[in-house]
Amino acid sequence: MQKPLASLDVRPVRAFSDNYIWLIDSPRVPGRVVAVDPGDAAPVHAELRRSGASLAAILLTHHHPDHIGGVEGLLELGPVPVIGPEDARIALRNRTARDGERCDLPDLGLGFEILAVPGHTLSHIAFWGHGALFCGDTLFSAGCGRMFEGTPTQMNASLNRLRDLPPETRMFCGHEYTAANLRFALTVDPDNRTALEYRDAVQRTRAVDAPTLPSPLSLEIRINPFLRCDIAAVRASAEAHAGRPLPEAADVFAELRSWKDTYR
Ligand SMILES: [Zn+2]
């Protein structure tokens, strides 16, 4: 039932200052949409009214309020599957998505694999299917989420798991952080020509207030320092910042993450 990449239409709905709520159009039933991480109901209601679409399901990657806060308001439209990780903090979930399972919505012609990606939060999951990855706050373009609950080893393993997906995968992240992330990426990896060129493209995109997402994984593998902890230049930069050798990729990741936490 997996459709070719081009057939999955996904549109961004903006929420708060920099969140994206993704609306996936059903490839099977025109006008039926699935909302990913609706932190706020109002902009989704507005987009549904504007486009004449109706809500068929809700996918949730993690429990943070800016990703689930709109669920209650959307359920006022009527009951739909609310699919998310097993976590008591997601009270309105009515279907649990577990690592290694599939999340199939056959009526809509949609199906995703569930990947557990602990680190930003312990129960964080990602949805992967149709060449698209909905990764919440685990992986961003040119960066990654803050590590609120997991360990560096856990989060590094989660990022490696996403890095190993097919390179043509399109990454739909929870926030528009690309420009700021690229500044840090180029501090870590200043001679990265792909990142330098991409920074200019991102500046042009953001100058007209357009989204920089989705981003192809094939690009992220070349520019995102958190996916490049095994690359010599990235390791050398992390070691220089730490002032000590960092033998394992997870050590490089831990240093980059704590460096980024205080980077301005
Ligand atoms: Zn979050």
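Trainee: At what angle do helix α4 (residues 152–163) and helix α9 (residues 249–262) pack, and how far apart are their axes?

Mentor: Two packed helices are described by the angle between their axes and by the distance between those axes. Here the axes of α4 and α9 are 9 Å apart, and the angle is about 105°, which makes α4 roughly perpendicular to α9. An angle of 65 to 115 degrees counts as roughly perpendicular, under 35 as roughly parallel, over 145 as roughly antiparallel, and the rest as oblique. The axes are lines fitted to C-alpha atoms, for helices over the stretch in contact, and angles run from 0 to 180 degrees between N-to-C directions. Helices (H or I, at least four residues) and strands (E, at least two) are DSSP runs numbered from the N terminus.

Mentor: Before we go on, note that this is a predicted model, in which local features need pLDDT of at least 70 and side-chain atom pairs count only at pLDDT 80 or more, while totals for chains, interfaces and linings use all residues. Residues are numbered from 1 along each chain as its sequence is written, and side-chain values use heavy atoms, with hydrogens and water left out.

Trainee: Which residues of α4 and α9 make the contact?

Mentor: On the side of α4 they are Pro152, Thr153, Met155, Asn156 and Leu159, and on the side of α9 they are Ala249, Ala250, Phe253 and Ala254; contact means heavy atoms within 4.5 Å. Sorted by class, this contact has seven nonpolar, two polar and no charged residues. Ala, Val, Leu, Ile, Met, Phe, Trp, Tyr, Cys and Pro count as nonpolar, Asp, Glu, Lys and Arg as charged, and the others, Gly among them, as polar.

Trainee: At roughly what angle do the axes of helix α5 (residues 178–188) and helix α6 (residues 193–207) cross?

Mentor: They cross at roughly 155° and come within 10 Å, which means that α5 is roughly antiparallel to α6. The contact brings Thr178, Ala179, Leu182 and Leu186 of α5 together with Ala195, Leu196, Tyr198, Arg199 and Val202 of α6, and by class these are seven nonpolar, one polar and one charged residues.

Trainee: Where does Gly119 lie, and is Gly119 buried or exposed?

Mentor: Gly119 lies in the loop between β8 (110–116) and β9, and at 0% relative accessibility Gly119 counts as buried. Buried means under 20% relative accessible area, exposed means over 50%, and partly exposed is in between (1.4 Å probe, protein chains only). Although Gly119 and Gly150 are 31 residues apart along the chain, their C-alpha atoms are separated by 3.9 Å. Once neighbours within four places in sequence are left aside, Gly119 is in contact with Arg146, Met147, Phe148, Glu149, Gly150 and Met155.

Trainee: How should I read Arg98, and which residues is Arg98 in contact with?

Mentor: Arg98 sits in the loop between β6 (95–96) and β7 (102–105), where a relative accessible area of 37% makes Arg98 partly exposed. Leaving aside neighbours within four places in sequence, Arg98 is in contact with Glu86 and Ile114. Arg228, in the loop between α7 (217–223) and α8 (232–242), is buried at 13%. Not counting residues up to four places away in sequence, Arg228 touches residues including Asp189, Asn192 and Val234.

Trainee: What is there to say about the backbone, for instance the phi of Asp37?

Mentor: Most residues other than glycine have a negative phi, and most peptide bonds are trans. The phi of Asp37 is near 55°, a positive value; Asp37 is in the loop between β3 (32–36) and α1 (41–51) and is buried at 3%. His130, which is not a glycine, has a positive phi of about 60°, lies in the loop between β9 (125–129) and β10 (132–136), and is buried at 1%. Leu213 and Pro214 are joined by a cis peptide bond, with omega about 0°, and Pro214 is in the loop between α6 and β14 (215–216).

Trainee: How many disulfides does the count come to?

Mentor: A disulfide is a covalent bond between the sulfur atoms of two cysteines. With the rule that a pair of cysteine sulfur atoms must be within 2.5 Å, the count comes to zero. The cysteine sulfur nearest to Cys103 is that of Cys135, 16 Å away, and Cys103 is buried at 2%. For Cys135 the nearest cysteine sulfur, that of Cys173, is 4.1 Å away, and Cys135 is buried at 0%.
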